[in-house]
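I record here what I looked up in this structure, entry by entry.

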Amino acid sequence: QVQLVESGGGLVQAGGSLRLSCAASTRAFNTYTMAWFRQAPGKEREFVAIISGRGSNTRYADSVKGRFSISRDNAKNTLFLQMSGLKPEDMANYYCAAGGIFRTSEKEYDYWGQGTQVIVSS
């Protein structure tokens, strides 16, 4: 089983930047599609960004295009989400997930981290 641990969440002013990290335990990290999801209070979990095993393919939710960048360091078994131009609507708990296919639906992911909270002040 793949263990995922997120870190890097915190309080940021609107317009600021923050980088989230997700450390994975598996030695087969480069075989997994990785993704970020988020869930705001009172709302359902939503897709944020996805990256293929080798990092060659990425895709983003329309709400974060141009502001967020997903990347991975396979040598360190780590996934990243670089967030810039943060908006109050970005405030949520952010979760990393690992799956076997390049899809944006959360039901396609088998492994999840516990989440890290992002708070955006204005």
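Entry 1, Asp90. I looked up the accessibility of Asp90 and found 0% relative accessibility, so Asp90 counts as buried. I use buried for under 20% relative accessible area, exposed for over 50%, and partly exposed for values in between, with a 1.4 Å probe and protein chains only. The model is a predicted one, in which local features need pLDDT of at least 70 and side-chain atom pairs count only at pLDDT 80 or more, while totals for chains, interfaces and linings use all residues. Residues are numbered from 1 along each chain as its sequence is written, and side-chain values use heavy atoms, with hydrogens and water left out.

I searched for salt bridges, each being a side-chain nitrogen of Lys or Arg within 4 Å of a carboxyl oxygen of Asp or Glu. Asp90 forms one with Arg67, at 2.7 Å from N to O. This pair joins distant parts of the chain, 23 residues apart: Arg67 lies in the loop between β6 (58–60) and β7, and Asp90 in the loop between β8 and β9. Strands here are DSSP runs (E, at least two residues), numbered from the N terminus. Both Arg67 and Asp90 are buried.

I then noted a salt bridge between Asp90 and Arg38, at 2.9 Å from N to O. Here the two residues are 52 apart, with Arg38 in strand β4.

Which residue forms a salt bridge with Arg38 at 2.7 Å? I found Glu46, that value being the distance between the closest N and O atoms. Arg38 has 4% relative accessibility and therefore counts as buried, whereas Glu46, at 36%, counts as partly exposed. I recorded Arg38, Glu46, Arg67 and Asp90 as linked in a network of salt bridges. The search of the whole structure gave four salt bridges.

Entry 4, sheet. I traced an open sheet of four strands in the order β1-β3-β8-β7, with antiparallel pairing. Two strands pair if DSSP finds at least two bridges between them. The edge strands, β1 (4–7) and β7 (68–73), each pair on one side only. Between β3 (residues 18–24) and β8 (residues 78–83) I noted six bridges in the antiparallel sense. Leu18 stands opposite Met83 in β8.
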